[in-house]
Amino acid sequence: MLVHGIRVSAHMWLPHARRLAPEFRVTACDLPGHGSLRDRAFTLEGAVAQVRTALLEAARSGSGPVVLAGMSLGGFAALATAAAHPELVAGVLVNNSTVQPRGTAARLYRNAGRFMRWVGEERAARANAALFRRLLPRESAEAVLAGGLSMRGFSEAVEELTRHDFLALAGRCTPPLLIVNCRGDRLFRTDEQAFLRAARSAGSPAELRHVKGTHIQALVDPEGFTRLLRAGHARLTALAGRG
C-alpha cells in the first residue's frame with residue numbers, strides 16, 4: 001500500500017503501480033485534504049483513519065500481510081498508522097520523512113504554508129503544475145496532475161505536522177521499519193538517526209538506507225523508485241518473518 005506526498009494524491013503512484021503489476025497487488029489511498037478527499041480538512045488523526053480503512057480493505061481481499069510505504073507526508077502518515085495499528089502491517093517503508101517538525105523545520109513548514117495562502121490557491125496550483133511539468137518525466141507529471149493539486153491541503157498539512165511528536169511515534173512503531181532517505185534531501189534526513197534509535201527501542205528491527213536523489217525522487221525516477229519499493233518489500237517481509 002502506497003501513501004502519497006503533500007499536495008498531490010494517490011494518482012502519483014500510477015507509474016509505480018504499472019511497473020509492480022502483476023507481481024504485486026498495489027493499492028493507494030488519498031489523504032484528507034488531497035485528491036478525492038480535498039474537501040476534508042487535513043489532520044493526522046484523519047490521515048491515520050484513512051490509511052487504516054484502506055489497510056483493512058486490503059486485508060479483507062486475502063492478499064496476505066500488507067507492506068505500507070509512504071513518501072514525505074505519506075511517510076509521516078504511514079509511521080503514525082504503524083504506531084497506532086501495528087497489527088495491520090507486515091512492515092513500513094518511509095521515504096524522506098525523518099525530521100522532527102520543531103524549531104527550524106517547523107518555521108520552514110509554517111512559512112511555506114503562509115506563502116501558499118498569500119499567493120492564493122489557484123495561482124499556486126498553476127505554478128506547481130508548471131513546475132512539475134518541467135521537473136518530472138512525462139508519465140509522472142501526467143499522473144500527478146490527473147489527481148489534482150491541493151494547495152489548501154498543503155497549508156493544512158504543514159501546520160498540522162508541527163503539532164505532533166513524530167519521534168515519539170517512531171518510539172511506538174514495533175513492526176519492521178525501513179527508513180529510505182535520499183542523500184540530497186538534507187532537511188528531511190535531519191533526525192534520521194534519532195528515528196532509527198527510537199524505533200529500535202520499541203522493538204522494531206529498524207534499518208536505515210541512503211539512495212541518490214532529492215526529496216521528490218519517487219516522482220523524478222519512477223523506474224528507480226519502483227526497484228526500491230520491490231527491494232524494500234523483500235527486506236521488510238524477511239524481517240517480519242524473523243519474528
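# A chat about the sheet and its helices

Me: How do α2 and α3 pack, in terms of angle and axis distance?
Reply: In this predicted model, helix α2, which covers residues 44-60, packs with α3 at an angle of about 70°, and their axes are 9 Å apart. Angles of 65 to 115 degrees count as roughly perpendicular, and α2 and α3 are therefore roughly perpendicular to each other.

Me: Which residues meet there?
Reply: From α2 the contact takes in L44, A47, V48, V51, R52 and L55, and these meet A77, A80, T81 and A84 of α3. Sorted by class, the contact of α2 with α3 has eight nonpolar residues, one polar and one charged.

Me: Staying with α2, how many residues does it have, and how far does it reach?
Reply: Helix α2 has 17 residues and reaches 24 Å from its first C-alpha to its last, which is close to the 24 Å expected at 1.5 Å a residue. Just after α2 comes G62, which takes a positive phi of about 75°.

Me: And which of its residues are buried?
Reply: The buried residues in α2 are L44, G46, A47, V48, V51, A54, L55 and A58.

Me: Is L169 buried or exposed?
Reply: L169 counts as buried, because its relative accessibility is 11% and the cut-off for buried is under 20%.

Me: Changing topic to the sheet: what is the strand order?
Reply: Six strands make an open sheet, and the order is β2-β1-β3-β4-β5-β6 with parallel pairing. The edges are taken by β2 (28-29) and β6 (207-211), each of which has a single partner strand, so one side of each is left without a neighbour in the sheet.

Me: Where does α3 sit relative to that?
Reply: Helix α3, residues 73-84, packs on the sheet and touches β1 (2-3), β3, β4 and β5 (177-182), while its direction makes about 145° with that of β3.

Me: How many bridges join β3 to β4?
Reply: Five bridges join β3 (residues 67-71) to β4 (residues 91-95), and the two strands run parallel.

Me: What joins β5 to its neighbours?
Reply: Towards β4 there are four bridges, with the strands running parallel, and here V92 has L177 in β5 as its bridge partner. Towards β6 there are five bridges, again between parallel strands, and N181 is paired with H210 of β6.

Me: Is β5 mostly covered or mostly open?
Reply: Strand β5 is mostly covered, as six of its six residues are buried. L177, I179 and N181 point one way from the strand, whereas L178, V180 and C182 point the other way, and all are buried.

Me: Now the loops. Which residues have a positive phi although they are not glycines?
Reply: R7 is one of them, with a positive phi of about 70°, and N96 is another, at about 55°. In general, most residues other than glycine have a negative phi.

Me: Where are those two, and are they buried or exposed?
Reply: R7 lies in the loop between β1 and α1, and its relative accessible area of 14% makes R7 buried. N96 has its place in the loop between β4 and α4 (103-119), and at 0% relative accessibility N96 also counts as buried.

Me: Which peptide bond is cis?
Reply: The bond from A21 to P22 is cis, with omega near 0°, and P22 lies in the loop between α1 (14-20) and β2.

Me: Last one: where is T43, and how accessible is it?
Reply: T43 is placed in the loop between β2 and α2, and with a relative accessible area of 30% it is partly exposed. T43 and G33 are ten residues apart in sequence, and their C-alpha atoms are 8.6 Å apart in space.

Methods. Residues numbered from 1 in each chain as written. Predicted model: local features only at pLDDT ≥ 70, side-chain atom pairs only at ≥ 80, totals over all residues. Heavy atoms only, no water. Pairing = 2+ DSSP bridges. Contact = heavy atoms within 4.5 Å. Axes fitted to C-alpha atoms, helices over the stretch in contact; angles between N-to-C directions. Parallel < 35°, antiparallel > 145°, perpendicular 65-115°, else oblique. Nonpolar A, V, L, I, M, F, W, Y, C, P; charged D, E, K, R; others polar. Buried < 20%, exposed > 50% of the residue type's maximum accessible area, 1.4 Å probe, protein only. Expected span 1.5 Å × (residues − 1).
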